[in-house]
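This report describes selected features of the structure shown below. It is written to be read alongside the sequence and the coordinates.

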Amino acid sequence: MEARTRAIMHTTRRGWRGLATMLAAVAVALAPTAGASAETHKKESDTLVIARGQSIDSLNPYFARNVIDFETLELSYETLVRLSAKDYSYVPGLATKWETSADGRAWTFTIRKNSKWSDGKPVTAHDAAFTYQLLIDNEDIHTRHVDFASKLESVEATDDHTLVITTKEPTPLVPSRYLPIIPKHIWEKVDNPAEHENNDPPLVGSGPYQMVEHVTEQFIRFKANKNYWDGKPEFDELVFRYYSSPDAEVAALESGEVDVVGYGSLTPAQFKSLKGQDGITANAAQNRRFVSLVLNPGARTKDGKRFGDGHPALRDVKVRQALHTAIDKSQLVDRVLDGYGDPGVGPVPKIFETLHWDGGDELITFNLEAANKILDDAGYERGKDGIRTMPNGSKPLKFRLYAHSDNPAYASIAKFLEGWWKDLGIEVQTESIEQGPLNDKNYLGEYDISFSGWGISPDPDFLAMHTCAALPGVTDGTERAHETFYCNPDYDKLQDQQTQETDEAERAKLIKEQQRILYRDSPQIYLYYQNQLEAYNSAKIESMAVQPADGGLITGQSNFLWAYHSARPVGSGADSEGGGSGALIAGIVVALLAAGAVGFYVMRRRTAGERE
Amino acid sequence: MSAQSSGQTALTSARAIAWARRRAALAGFWREYRTQRTGLVGLAFLLMVIALALATPWVTDAGGLDPTKVHGGRLDAPSLAYPLGTDELGRSVLLLTLWGARVSLLVGVTATLLAIVIGSLVGILAGHFGGWTSWVLMRLADWFIVVPTLVLAMVLLLVLGSNLFTIIVVIGVASWAGTARLIRAQTLAVEGRPYLERARALGAGHWHQMSRHVLPNVMPLVLASTTLQVASAILLESTLSFLGLGDPNQISWGTMLHRAYEAGAVSYGAWWYLLPPGLGILVVVLCFTLCGRAMESVVNPRLRGGGR
C-alpha cells in the first residue's frame with residue numbers, strides 16, 4: 001500500500017493550520033528575508049531552496065509515510081532500479097542490469113562498482129541483500145509490507161556485485177517496489193531496524209544529496225554528493241524550507257527567497273498570478289492524483305456480515321450509475337480547477353499512459369435525462385416533495401455527503417453535486433468533517449457518499465483496495481485495507497492475474513479491464529485528475545528535468561528526484577541583500593508564530609495518516 | 001377632563017401602572033440615547049444592514065448561489081454584470097455578501113442571546129443564593145473565562161462537527177462567563193436595596209424575588225452587554241469560519257474570507273473578493289459597538305465622559 005502512504009500529505013498540505021497559518025503568511029510577506037539567516041551558510045546562488053509545508057516524521061525507509069520523508073530518502077539513498085524521467089520506465093539505479101530466470105522467479109541484479117556511501121565505503125550487493133532480507137526476517141517490517149514481502153522466498157548476495165532475489169511465484173513487483181538501499185555497516189548495529197527513526201543527520205547514504213541538518217518546521221539542509229556516480233549535482237546545497245501557507249510560498253518565490261514552489265499544488269489563482277512574471281517559470285504538470293467520491297455499496301465483513309448505516313439505495317448499481325451519469329466532470333475541471341486537470345475515468349491517472357483506461361465507447365457522458373430515466377426504470381419514484389423514494393416507498397433518497405473540512409475544492413464540488421443531483425430528485429446534505437473522524441466513519445461504514453483522494457504510484461497497487469480480500473474481518477473499523485467495501489470475484493481474478501503477469505502489455509490489458517469493471521459498477525466515482533501547479537525561479541535555475549518528459553512535474557517525482565539532481569544554475573552572481581536588524585526581528589516574530597503553530601499542526605498531523 | 005380620565009384608567013390596575021412606568025422609562029432611555037451622536041450613527045447603519053439582510057431573499061435570486069446555474073467567469077474583476085466581481089466558482093460576490101450578512105447576523109444575534117440567557121441565569125442564581133451555590137457557579141464561570149475563547153470554540157467545533165446550530169451553541173457556550181460575572185455583581189447590588197428586604201418580609205419566594213425584582217433591575221445592563229457581545233460573537237463566527245471551521249453549506253462573511261484565502265485571492269490580487277466581507281464585518285461590528293457603548297452610558301451615567 002505504498003501508493004497511499006506516499007500520497008497522503010499532498011493535499012492535507014494546505015489543510016487548515018489555524019491562526020498561525022495566516023499570521024505567518026503575513027509575517028513572511030512583510031519580511032522576505034526573515035528566517036533565512038539560520039540555514040544560509042553558502043552563497044545563495046549555490047543553494048537550491050524549495051518551499052515545503054511538511055517536516056520530517058520518520059526517515060525509517062520501511063515506515064516513512066509523509067511525502068517529505070520519502071523525498072528525503074530519495075535524495076539520500078538509492079534504489080536498485082529507477083523510474084525514468086522520460087516515461088516511468090525502469091532504468092539502472094544502483095543496479096546496472098537485471099534479468100529474470102526462465103521460470104520468472106529469480107531476479108539477478110548486477111550492482112554497480114562506482115557507487116560509494118558518504119562515509120567512503122563502497123556500496124555492495126551485501127548492502128542490498130541486507131535491505132531486502134529485513135523484509136523477510138523482521139516481523140514488523142514484514143507485516144508493514146506484507147503484500148510484497150510475502151512473495152519473497154530468499155535474498156542472497158552471491159558476490160560483492162551480484163544480488164539474487166527469489167520469489168515464491170512470478171511477480172512484476174520486484175523492480176517496481178520502492179525500497180532505498182541502506183548501508184549494512186550502519187544498520188546492522190541497530191537493535192531493531194523497525195523502530196529506528198533514522199532522523200539524526202548526517203545520514204550515511206549513496207544518493208545525490210546527503211541530509212546534513214534539519215529543524216522541525218524550519219528547514220532540512222542537504223549537501224551535494226561530490227562522488228555521485230551519475231554526476232555531481234550542480235547546486236552545492238539543497239534546502240527544503242518550511243512554509244505554513246501557499247500564499248507565503250508564493251510571496252517568497254516573488255521575493256527570490258525560494259526557488260521552487262508547488263508541493264501540494266498552487267491554486268489556479270496563485271498560478272495565474274505567477275505565470276506572467278519575469279524570471280518565474282510556471283509549470284502546469286500532469287499529476288499522479290485523482291479526486292473521487294466513494295459510494296457506500298453496503299458495508300460488510302469478509303464473512304458477509306453487514307454493518308454501518310449506509311443508505312440502502314446505494315447498494316443498487318443502478319442508483320450509483322445514475323449518480324455517475326449526473327456529474328459533469330468536464331465542468332468540474334473547468335470551474336473548480338480552472339481547466340488545470342482532466343476528467344476522471346478510472347483510478348489510474350492519465351499521466352501513466354500505458355495503464356490508464358480512457359473509457360473507450362463506454363465513457364459515461366453527463367446527461368440528466370438519461371440519469372433520471374435510469375432511476376425511473378429502476379422504480380425509484382418521486383414523492384410529493386420531488387424527492388425520490390426507495391421502490392417500496394420506504395425511504396427517501398437523501399444522501400449524506402462527507403467532505404474533508406480542510407479541502408476547499410471539495411466544498412466547491414459539493415455545491416455542484418447538490419445542484420445536479422437535485423434535478424435527479426435526490427437530496428444531498430453536505431457535512432464537512434475533519435480528516436480523522438471522517439476516516440473513522442468511512443471504515444465503520446457510517447456514510448453514504450464521501451470524498452476520497454489518492455496519489456497513485458507508477459505501479460498501481462491501489463487496485464488491491466477494491467478486492468474482496470481487502471474487506472475487513474471485523475466491524476469496528478480498525479481494518480483499513482479497503483477503499484469502500486467493494487467485492488467482486490471477477491475483479492479479484494483480474495487482480496490475481498495482473499500481479500503475476502510479467503509481460504507488460506498483457507498486464508496493462510488486465511489492469512485496464514479492472515478499471516472498466518470499477519467504472520461500470522461505480523463504487524467509486526473518479527471525478528478528475530488535477531494538475532500539479534508549480535513554479536520556479538528561472539532567473540536562478542536554467543533547467544530541471546520533469547517526469548514524465550511530456551507535460552511532467554517537478555514536485556512529486558517518483559522514486560528518484562530527477563529535477564533536483566539535474567537542476568542547473570544560471571551563471572552565477574545575484575547575491576541577495578537584506579538581512580540586518582529588521583530581518584532579525586522579523587525572524588524572531590516568525591519563529592514565535594511558527595512555535596504557536598506547532599501545537600495545532602502536530603495534532604493535525606497525527607490524524608492525517610491514512611488518506612485524504 | 002380627558003386628561004383626568006386617562007389618568008384614572010392608568011391608575012386602575014397595577015399592570016397599567018407598570019406599563020405606564022415602562023413606557024416612561026423607555027422614553028427617558030431614548031431621550032438619553034438620542035443625545036449620543038455616535039450611538040445614533042451606529043443605530044442608523046445597523047438598521048440599514050438589517051433591512052438589507054431581511055430583504056435579500058425578496059430582492060435577489062437564491063439560484064445565483066448554485067454554481068451549476070451561474071455563468072460568471074472565475075475571479076472576474078468588478079463589471080456591470082457583477083458589480084463586486086465574481087468568486088472562484090463564478091458567483092457574484094455582491095450576492096454572496098448580501099446572503100452572507102444574513103448568516104453572520106443570525107449567528108451573532110442568536111449566539112449572543114444564548115450566552116446572555118445562560119449568563120443571566122447563572123449570574124442571578126449566584127447573586128441571589130450566595131454561599132456555596134455562588135462559589136460553585138463562579139468557579140465554573142472562572143474556568144470559562146480563563147480558557148481562551150477561541151481555542152475552546154475550536155475544540156468544541158472539532159468534536160461536535162460544524163453546522164449552523166453547533167456554531168451558535170459553541171459561541172454561546174464559550175462566551176457566557178463574562179455576562180454571568182457582570183450580572184452577579186449587579187444582582188448583589190440590587191439585592192442590597194431595602195425594598196427587596198421588604199419583599200422578603202412580605203413572603204416573596206426566591207422565584208418572585210428573582211423574576212420580579214432582580215431581573216427587571218439588571219435588564220438594562222443585560223441589554224447593553226448584549227449589544228456589545230453581538231459584535232464579539234460576529235467576530236468569533238468570522239474567525240472560526242475563516243479558520244475553516246465554518247458550516248460549508250452556509251455562506252457567511254467568515255466563510256467567504258476563508259474561501260477567498262484558500263482560492264489564493266491574496267496572491268491573485270482579487271481585492272473584490274476580500275474587501276466586501278471584510279468591510280461588512282467591520283461595519284456591523286462597529287455599529288453594534290457604537291450602539292452598545294451608547295446604551296451603556298445611558299444605563300450607567302458615570303460612563304458619560306467629555307461628550308456631555
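The model is predicted.

## Enclosed strands

Strand β1 of chain A, residues 47–52, is mostly covered, with six of its six residues buried. The cover extends to both faces of β1(A): Thr47(A), Val49(A) and Ala51(A) lie on one side, while Leu48(A), Ile50(A) and Arg52(A) lie on the other. The partner of β1(A) is strand β10 of chain A, residues 237–242, and the two pair in the parallel sense over six bridges. Within this pairing, Ala51(A) has Arg241(A) in β10(A) as its bridge partner.

Strand β19 of chain A, residues 532–537, has six of its six residues buried, so it is largely enclosed by the rest of the structure. Gln532(A), Glu534(A) and Tyr536(A) point one way from β19(A), and Leu533(A), Ala535(A) and Asn537(A) point the other way. Strand β12 of chain A, residues 280–285, runs antiparallel to β19(A) and is joined to it by six bridges; in this pairing Asn283(A) has Glu534(A) as its bridge partner. Strand β11 of chain A, residues 260–261, is also antiparallel to β19(A), with two bridges between them. Here Val260(A) stands opposite Tyr536(A).

The pairings described in this report that have a bridge count are collected in the table.

| Strands | Sense | Bridges |
|---|---|---|
| β1(A) and β10(A) | parallel | six bridges |
| β12(A) and β19(A) | antiparallel | six bridges |
| β11(A) and β19(A) | antiparallel | two bridges |
| β5(A) and β7(A) | antiparallel | five bridges |

## A four-stranded open sheet

Four strands of chain A form an open sheet in the order β4-β5-β7-β6, with antiparallel pairing. Strands β4 (95–100) and β6 (152–159) of chain A stand at the edges; each has a single partner strand, so one side of each is left without a neighbour in the sheet. From one strand to the next, the twist averages 15°. Strand β5 (residues 106–111) and strand β7 (residues 162–167) of chain A are joined over five bridges, and Phe109(A) has Leu163(A) in β7(A) as its bridge partner. Helix α5 of chain A, residues 125–137, packs on the sheet and touches β5, β6 and β7 of chain A. The direction of α5(A) makes about 165° with that of β6(A).

## Helix α17

Which residues of helix α17 of chain A are buried? In this helix, residues 489–498, they are Tyr491(A), Leu494(A), Gln495(A) and Gln498(A). These residues cover an arc of only 105° around the axis, which puts them on the same side of α17(A). In general, an α-helix has 3.6 residues a turn, so residues three or four places apart point the same way. The cover over the buried residues of α17(A) includes α18 (504–521) of chain A.

## Backbone features in loops

Most residues other than glycine have a negative phi, and most peptide bonds are trans. The following residues and bonds depart from that pattern.

The loop between α9 and β8 of chain A contains Asn198(A), whose phi is near 65°, a positive value in a residue other than glycine. Asn198(A) is buried, with 24 other C-beta atoms within 10 Å. Pro202(A) is found in the loop between α9 (184–187) and β8 (209–215) of chain A, and the peptide bond from Pro201(A) to Pro202(A) is cis, with omega near -5°.

Ser522(A) also has a positive phi, near 45°. Its place is in the loop between α18 and β18 (524–530) of chain A, and Ser522(A) is buried, with 23 other C-beta atoms within 10 Å.

A cis peptide bond also links Gln547(A) to Pro548(A), with omega near -10°. Pro548(A) lies in the loop between β20 (541–543) and α19 (562–566) of chain A.

## Contact between chains A and B

How many residues of chain A are in contact with chain B? There are 31 residues of chain A in contact with 27 residues of chain B. On the side of chain A that touches chain B, at least two residues each are supplied by α3 (18–30), α10 (246–254), α11 (268–275), α15 (408–422) and β16 (427–433) of chain A. The largest share, eight residues, comes from α15(A). By class, this side of chain A has 14 nonpolar, nine polar and eight charged residues.

Terms used
Residues numbered from 1 in each chain as written. Chains lettered and ligands numbered in written order. Predicted model: local features only at pLDDT ≥ 70, side-chain atom pairs only at ≥ 80, totals over all residues. Buried ≥ 20, exposed ≤ 12 C-beta atoms within 10 Å, placed from the backbone. Arc of directions from axis to C-beta. Contact = placed C-beta atoms within 7 Å. Nonpolar A, V, L, I, M, F, W, Y, C, P; charged D, E, K, R; others polar. Pairing = 2+ DSSP bridges. Axes fitted to C-alpha atoms, helices over the stretch in contact; angles between N-to-C directions.
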